[in-house]
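Please study the sequence and the model shown here.

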Amino acid sequence: MNHSLIIDEVLAHPQDVSWLPWAVQYFFFIGIAACAALFACVLHWRKQETPELENMTLLIALTCAITAPLALTADLHQTARVWHFYAFPTPWSWMPWGALFLPLFTGFLGLWFLAQHVKRLTLKSYSVTKWLALGSALSAIGLLIYTGREVSVVQARPVWFSYAFPVAMFLSALQTFLALLISVSKSEGTLARKLARGQIVTLVALALVVVAWASGNTLSGSAIRQWLDVASSAQHDAIGWVVLWLISLVLCTLVLRNPLSLPLRIVLALSAMALCWLMRWTLLIQVQTVPKFNAQFNPYTLPSGTDGWLAIVGTFGLWIALIIIVREALNAIARRMQHG
């Protein structure tokens, strides 16, 4: 009696990441822009007017809102196909909702920014700005929901599959926006302390959400714990989260006691931005190295070209350039009007 042994060999090819660093840049800037728009809307609708704070908030929101979609179009690879979202709508998917909310948000925000500065230069008030502010806030909420849910509905990536994902993304962006406002506000006075209290509350809420997410008895929580057990890169990123969170929290606490010098306020802004960015890098890029259909990890090496370091540095450079261009343009117009 012949017994034959059949051996099937399965070859698993490492999977390339589909979302490149451009996506991290988009999620980073659009989160800050949306939080800034919500904050500016509250400032605009309340009875006590704070035009300087509102204008600074709108500057952060507008420059981030311009930078974010440019990064997104670079990540889409085939940007000419964007019109398919409008020609062939699929409302049951989250992606087309982004194609709706993003231009609405940028449009409302741009018109609000222009109306606000026309009011500042001409000393004329316009009631339409209240509705532009409301439209910006509503579209910002839509963007926050869309950017969170387009990722957290993916069951093939268990780490993403959680309602905690969009909440953590929102809180990390909010604490970054508050840190940016602290860095550009006057060190004396109550404003910096109020912003610092808000950032402390946001940081504590962020920590509670992340701990509950990672320790929860859910598919996503189990996947996070397994990932931390076997992947050294995940452990290193987690340590980075904790270190940056502690730096931001300590500096915020110092703001409550004594005014911070400009260098320390810049450190606070940089640490908050680094925390926000690292969270997105870990969850959007590093999670893609965890295989979906094979038994090996898929290594990812950050290249130096336009799909790597150049994309990251260039996007931040674009944002800084936009801030300088917009501020200098407004100052030039103000000087021209002042001198007739």
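In which helix is H44 found? H44 is found in helix α1, and this assignment, like everything that follows, refers to a predicted model. Is H44 buried or exposed? Its relative accessible area is 11%, and buried means under 20%, so H44 is buried. When neighbours within four places in sequence are left aside, H44 is in contact with E54, W112, Q116, T129, K130 and A133.

H117 lies in helix α4, which covers residues 95-122. With a relative accessible area of 8%, H117 is buried. Residues up to four places away in sequence not being counted, H117 touches N55 and L330.

A234 counts as buried because its relative accessibility is 3%. Apart from residues up to four places away in sequence, A234 touches W227 and L228. A234 and R280 are separated by 46 residues in sequence, and their C-alpha atoms are 13 Å apart in space.

From single residues the account now turns to the interior. In soluble globular proteins, nonpolar side chains tend to be buried together. In this model, the largest nonpolar core has 99 residues, and Y26, F105 and F177 are those with the most contacts inside it. Which helix gives the most to this core? Helix α1, residues 21-45, does so, with 16 residues. As for F105, its contacts beyond four places in sequence are I30, A33, A34, A37, A65, S136, S139, A140 and L143.

The packing of helices comes next. Two packed helices are described by the angle between their axes and the distance between the axes. How are α1 and α11 arranged? Their axes come within 9 Å and cross at roughly 30 degrees. Angles under 35 degrees count as roughly parallel, and α1 is therefore roughly parallel to α11. The contact joins P21, W22, Q25, F28 and F29 of α1 to A311, I312, T315, F316 and W319 of α11. Sorted by class, the residues of this contact are eight nonpolar, two polar and no charged. The crossing in which α1 passes α11 is right-handed.

Helix α11, residues 309-338, also packs with helix α10, residues 262-285. Here the angle is about 140 degrees and the axes are 15 Å apart; α10 and α11 are therefore oblique to each other. M273, W277 and W281 in α10 meet I312, F316 and W319 in α11. This contact of α10 with α11 has six nonpolar residues, and no polar or charged ones. α10 passes α11 in a right-handed crossing.

A further pair is formed by helix α5, residues 128-152, and helix α6, residues 164-184. Their axes lie 8 Å apart, and the packing angle is about 135 degrees. α5 and α6 are therefore oblique to each other. On the α5 side, the residues that meet α6 are L144, T147, G148, V151 and S152; on the α6 side they are F165, P166 and F170. The crossing of α5 past α6 is right-handed.

Notes:
Residues numbered from 1 in each chain as written. Predicted model: local features only at pLDDT ≥ 70, side-chain atom pairs only at ≥ 80, totals over all residues. Heavy atoms only, no water. Core = buried A, V, L, I, M, F, W, Y, C linked by side-chain atoms within 4.5 Å. Buried < 20%, exposed > 50% of the residue type's maximum accessible area, 1.4 Å probe, protein only. Helix = DSSP H or I, 4+ residues; strand = E, 2+ residues; numbered from the N terminus. Contact = heavy atoms within 4.5 Å. Axes fitted to C-alpha atoms, helices over the stretch in contact; angles between N-to-C directions. Parallel < 35°, antiparallel > 145°, perpendicular 65-115°, else oblique. Left-handed = near helix turned anticlockwise from the far one by under 90°. Nonpolar A, V, L, I, M, F, W, Y, C, P; charged D, E, K, R; others polar.
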